[in-house]
Amino acid sequence: MKWLDNTALAIVIIGAVNWLLIGIFRFDLVAFLFGNLSWLSRIVYTIVGLCGLYLISLFGRINSMSE
């Protein structure tokens, strides 16, 4: 399970960097690499979103470990 946590965290961090680039420079790295809303870029956005949703469970696990 730890490898899934680490993988999901890395993917979400990459997604956050992409949002930083969009916010500061109006440069979408995913669209640049895979095309503007192509099927491949939509898959990348979906994977980042699913990893973000999965990491919500990390809050519950952190709270249960600290108690």
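Q: Which backbone oxygen lies 3.2 Å from a polar atom of the side chain of S41?

A: First, the ground rules: this is a predicted model, where local features need pLDDT of at least 70, side-chain atom pairs count only at pLDDT 80 or more, and totals for chains, interfaces and linings use all residues. Residues are numbered from 1 along each chain as its sequence is written, and side-chain values use heavy atoms, leaving out hydrogens and water. A polar contact is a pair of N or O atoms within 3.5 Å; within protein, one must be able to donate a hydrogen and the other to accept it, and residues adjacent in sequence count only if both atoms are side-chain atoms. Here the oxygen belongs to G35.

Q: Is S41 buried or exposed?

A: Buried means under 20% relative accessible area, exposed over 50%, partly exposed in between (1.4 Å probe, protein chains only). S41 has 0% relative accessibility, so it counts as buried.

Q: What is N18 in contact with, leaving aside its neighbours within four places in sequence?

A: Contact means heavy atoms within 4.5 Å. For N18 the partners are F27, D28, L29, V30 and Y45.

Q: Why does the pair F27 and F32 count as tilted?

A: Rings of Phe, Tyr and Trp (its six-membered ring) pair if their centres lie within 6.5 Å; planes under 30 degrees apart are stacked, over 60 edge-to-face, the rest tilted. The count comes to one aromatic pair. The F27 and F32 ring centres are 5.3 Å apart with planes at 55°, so the pair is tilted. F27 is partly exposed at 31%, and F32 is exposed at 59%.
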